[in-house]
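Colleague: Can you walk me through this one? Keep it simple, please.

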Amino acid sequence: MNKTIRRASVFCLLLVLALLGRATWVQAYQARALADNDHNRRNTIAQYAQPLGDIIVAGSPVTGSKRTEGSDLAYKRTYKQDGLYAAVTGYSSQSYGSTQLEGIYSHVLDGTDDRLKNPLNVVTGETADPGSVLTTIDPDVQKAAHDALGDDKGAAVAIDPKSGQILGMVSSPSYDPSDISGTTDGDTWKKLLADPDKPLVNRALRQPLAPGSTFKLVVASAALENGLYSSVDEATKSPMPYTLPGTSTPLKNESASAPCENATLRVALQYSCNNVFGKVAADLGQDKVRAMAEKFGFNREDLDVPVRAYKSVYPAKMDDAQTALTGIGQFEVTATPLQMAMVSATLANGGELAAPHMVSKVTDSEGGTLEDFADGDMKRVVSESTAKQLRSAMVTVVEQGTGTNARIGGAEVGGKTGTAENGVGNSNTPYAWFTSYAKDRSSGQEVAVAVIVEDSGSAASEVSGNGLAAPIAQKMMKAALQR
């Protein structure tokens, strides 16, 4: 063999060894990564090869599947009642992926979860029959929230204070997930993305905004828990006007005639006195207010229900004037409707926060339990005495104060209104808030609710928590008490 042939043979052998090495590497080490790659078309084909499992509300599916034509994706997802449950289910799209419960439990719903497989599935590699996701949502509460919010931009959340079950969750404007579930929905998708009102955003969980005066419940909790005041009926040391520390700027009240000078915490909540809560926050200091806010759930990065909620924020590194502004839910304080519902739920539940959740169980195709989410995972936030006093003050708000539109016959209803500034110098339409709880005097049935109306089309001068948000909360609470 001459030198040229020998060199060519060695080179060819090296090429063969390189190919074998590469094939071995791909098969042994990269197979799983390739199989799980989002761009692997086989995964999408497998996901939609059979009807998907369902998301269940009160024993009935709110999702379905439809046979497709002319596609290698055999089935596509459908949704019942248009966009009523969009804030709960999210969407499952052949083109744009999956979100919320559809995304979190995608492998259960498409039958690829290993827990669904029987021995035959393991041997043959076939996809198992899909499982289901059972939610805690009450259809009557959900519909009441959806109908009451109507065309207003905003969101609402209802929680059972004792169990933490989320009974209703609505975000508006909404969308119909069926409209983007296929492969030919590009125009609808582009329209949704371009919409300035962001219908794809779940405002109930993922759009924290200034909570305004609803945050005064947190500040009042801090005042009582830290012994700044012994009860909600002790007079505070609150001059009117109150000048922000280190400035010449007075912190004005919405009503100049309200009896806010040295008002008790009860009266200050009743009339939503800014001078009182600004001074309380400044007197406590930011660290004590932040500690209380964090007990309620603020600044938490991992609030999963099981969809992860965006963090509600109580800021740090403030001066005294900024700390005072946080006392009325302004400066850089932000909260989601879920967070403010958690505040009311905690006070309604004697000062204990039951972990909020909207999934009760995940099952296989025969109803066997894969995951069970027990109710009642409790955390003490404030003492029973503090909770009792603040419930009483919240009742005063509804019976005699700024929250009269939340009244329900035969029920104890407590709440707190809020009108939060929006934009520099409040140049945009303010946010209207209401957070509340209700307890049926006969049955003992309870619910906690938070509502935000970002924009109802009303003039800024007509925006108020009692006028816009409280009627929505009232309808949700009434529906929940009839369960």
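Colleague: How many bridges join E16 to E17?
Modeller: There are 10, and the two strands run antiparallel. Two strands pair if DSSP finds at least two bridges between them.

Colleague: Before we go on, what kind of model is this?
Modeller: It is a predicted model: local features need pLDDT of at least 70, side-chain atom pairs count only at pLDDT 80 or more, and totals for chains, interfaces and linings use all residues. Residues are numbered from 1 along each chain as its sequence is written, and side-chain values use heavy atoms, with hydrogens and water left out.

Colleague: Back to the sheet. What is the strand order there?
Modeller: The order is E9-E8-E18-E17-E16. That makes an open sheet of 5 strands with antiparallel pairing. E9 and strand E16 (411-420) are the edge strands, and each pairs on one side only. From one strand to the next, the twist averages 10 degrees.

Colleague: Where do the side chains go in a strand?
Modeller: As a general rule, side chains in a regular strand alternate between the two faces of the sheet.

Colleague: And how many bridges join E8 to E18?
Modeller: Strand E8 (residues 153-159) and strand E18 (residues 446-455) are joined by 7 bridges. They run antiparallel. Ala158 stands opposite Val449 in E18.

Colleague: Which strands does helix H15 touch?
Modeller: Helix H15 (residues 337-348) packs on the sheet and touches E8, E9, E17 and E18. Contact means heavy atoms within 4.5 Å. The direction of H15 makes about 150 degrees with that of E18. Such angles run from 0 to 180 degrees between N-to-C directions, with axes as lines fitted to C-alpha atoms, for helices over the stretch in contact.

Colleague: What about helix H16?
Modeller: Helix H16 (residues 384-400) lies across E16 and E17, at about 75 degrees to E16. In E16, 8 of the 10 residues are buried, so this strand is largely enclosed by the rest of the structure. Buried means under 20% relative accessible area, exposed over 50%, partly exposed in between (1.4 Å probe, protein chains only).

Colleague: Ser436 next. Buried or exposed?
Modeller: Ser436 is buried, at 0% relative accessible area. Its place is in strand E17 (residues 431-440). Leaving out residues up to four places away in sequence, Ser436 touches several others, including Ser344, Met394, Gly414 and Val447. Ser436 and Val447 are 11 residues apart in sequence and 8.5 Å apart in space, C-alpha to C-alpha.

Colleague: New topic. How many aromatic pairs does a search of the whole structure find?
Modeller: It finds 5. Rings of Phe, Tyr and Trp (its six-membered ring) pair if their centres lie within 6.5 Å; planes under 30 degrees apart count as stacked, over 60 as edge-to-face and the rest as tilted. Tyr91 and Tyr175 have ring centres 6.4 Å apart and planes at 75 degrees, so this pair is edge-to-face. The pair links distant parts of the chain, 84 residues apart. Tyr91 and Tyr175 are both buried.

Colleague: And what about Phe215 and Phe298?
Modeller: Phe215 and Phe298 also form an edge-to-face aromatic pair, 5.4 Å centre to centre, with 80 degrees between the planes. Both are buried.

Colleague: Which residues do ring pairs link into a cluster?
Modeller: Tyr91, Tyr96, Tyr175 and Trp189.

Colleague: Now charges. How many salt bridges are there?
Modeller: The count comes to 16. A salt bridge is a side-chain nitrogen of Lys or Arg within 4 Å of a carboxyl oxygen of Asp or Glu. One of them joins Asp233 and Arg266 at 2.7 Å, N to O. Asp233 lies in the loop between H10 and strand E10 (242-243) and Arg266 in helix H11 (residues 265-271), so the pair ties together parts 33 residues apart in sequence. Asp233 is partly exposed at 46% relative accessibility, while Arg266 is buried at 18%.

Colleague: Last one. Which residues are linked in a network of salt bridges?
Modeller: Asp54, Arg77 and Glu102.

Note on methods:
Helices (H or I, at least four residues) and strands (E, at least two) are DSSP runs, numbered from the N terminus.
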